[in-house]
Amino acid sequence: MTVMQFFGAMFIAYGPAVAMFLFTVVSEPLRIIVMIAGMFFWLIALLISSIWWAAVVPLKDELAFGLVFSVFFQEAFRYLYFRILRKAEDGLQQFSEPSNRTNNGSQTSATSQKSQHMYAYVSGFGFGVMSGLFSFSNILADSKGPGTVGLTGGPHQFLITSAFMTMAFILLHTFWNVIFFWGCENRKYLAIVYVLATHLGVSLMVSKNMQTFCFVGE
């Protein structure tokens with residue numbers, strides 16, 4: 001039973017991400033590099049959030065405090081990654097897909113814009129994958145036993161809810177990144193505020209249910 005729970009939860013949480021990786025990322029080495037860099041930036045944001053949470057001792061017991069600053073740090077590093085990608089855009093285009101090039105080896109404005117959208121998608125996907133791996137891997141490891149979730153009176157929905165929330169946050173980070181990069185590129189500040197507000201709102205809603213489902217995702 002625990003093995004079935006393990007594989008079921010794993011496929012729910014990471015199945016869509018694996019499919020996205022196989023169909024949209026793995027075919028181009030540059031996309032893999034951009035995705036891994038996005039994962040690294042998410043980890044740096046988490047590290048800074050942890051240092052800040054540990055430094056402010058009086059508020060260490062306040063989950064909302066750490067959660068709010070974690071979201072702000074993630075969005076700050078999302079913006080930093082956007083700036084770095086734009087600075088490195090000329091160099092990245094030298095290694096871009098051959099289908100995006102004209103006969104003389106240059107890129108048109110249309111293909112350049114397509115590459116920018118792809119970078120936004122892939123880097124956001126990296127943010128989401130790292131978030132999903134960090135938030136659910138320990139829960140998944142414990143689910144294979146010994147014991148069964150909910151056997152001693154705990155919530156039976158714990159594992160399945162955590163799996164769906166992990167999947168949702170992977171997809172949300174991808175969507176957020178595309179919107180955020182578009183807003184930064186076109187100076188649509190309302191889109192940036194929308195990403196920050198929805199990220200913060202979803203994270204706070206999940207944390208509000210922590211006592212019921214014992215799961216917090218960022």
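This is a predicted model: local features need pLDDT of at least 70, side-chain atom pairs count only at pLDDT 80 or more; totals for chains, interfaces and linings use all residues.
A residue is called buried when its relative accessible area is under 20%, exposed when that area is over 50%, and partly exposed in between.

Figure 1. Buried residues account for 41% of the 218 residues in the protein chain. The chain contains eight helices and zero strands, and its pattern along the sequence reads α-α-α-α-α-α-α-α. Among contacts with a separation of 6 or more, 74% join residues 24 or more positions apart.

Figure 2. In soluble globular proteins, nonpolar side chains tend to be buried together. In this model the largest nonpolar core has 41 residues. The elements that give two or more residues to this core are α1 (2-25), α2 (29-55), α3, α5 (109-143), α6 and α7. Helix α5 gives the most, with eleven residues. Phe125 and Phe136 have the most contacts inside the core.

**Figure 3. Phe125 and its contacts.** Which residues are in contact with Phe125, leaving aside its neighbours within four places in sequence? They are Ala17, Met20, Phe21, Val25, Met35, Ile170 and Thr174.

**Figure 4. Leu133 in helix α5.** Leu133 is found in helix α5. Apart from residues up to four places away in sequence, Leu133 touches Tyr14 and Met39. The C-alpha atoms of Leu133 and Thr166 lie 8.4 Å apart in space, although these residues are 33 residues apart in sequence.

**Figure 5. Phe40 in helix α2.** Phe40 belongs to helix α2. With a relative accessibility of 49%, Phe40 counts as partly exposed, since a residue is exposed only when the value is over 50%. In sequence, Phe40 and Gly126 are 86 residues apart, while their C-alpha atoms are 8.3 Å apart in space.

**Figure 6. Helix α6 and the residue that follows it.** Helix α6 has 29 residues. From its first C-alpha to its last, α6 reaches 41 Å, close to the 42 Å expected at 1.5 Å a residue. Arg187 follows α6 and is placed in the loop between α6 and α7. Most residues other than glycine have a negative phi. Arg187, however, has a positive phi of about 55° although it is not a glycine. Arg187 counts as exposed because its relative accessible area is 65%.

**Figure 7. The second largest pocket and its lining.** Rolling a probe the size of a water molecule over the atoms shows where empty space is left. The second largest pocket has a volume of about 170 Å³. Its lining is formed by Tyr79, Phe82, Arg83, Arg86, Gly183, Cys184, Glu185, Arg187, Tyr189 and Ile192. Two or more lining residues come from each of α3 (63-87), α6 (158-186) and α7 (189-208). Helix α3 supplies the largest share, four residues. What kinds of residue make up the lining of this pocket? The lining divides into five nonpolar, one polar and four charged residues. Arg187, the residue with a positive phi in the previous view, is among the lining residues.

Notes. Residues are numbered from 1 along each chain as its sequence is written. Side-chain values use heavy atoms; hydrogens and water are left out. On a 1 Å grid over the protein atoms alone, a cavity is a set of points where a 1.4 Å probe fits but cannot get out, and a pocket is an open set with protein on both sides within 12 Å along at least five of seven lines; lining residues have an atom within 4 Å of a point. Grid points are joined across faces, edges and corners, and a volume is the space filled by probe spheres set on the points. Ala, Val, Leu, Ile, Met, Phe, Trp, Tyr, Cys and Pro count as nonpolar, Asp, Glu, Lys and Arg as charged, and the others, Gly among them, as polar. The expected span of a helix is 1.5 Å times one less than its number of residues. A nonpolar core is a set of buried Ala, Val, Leu, Ile, Met, Phe, Trp, Tyr and Cys residues joined through side-chain atoms within 4.5 Å. Buried means under 20% relative accessible area, exposed over 50%, partly exposed in between (1.4 Å probe, protein chains only). Contact means heavy atoms within 4.5 Å.
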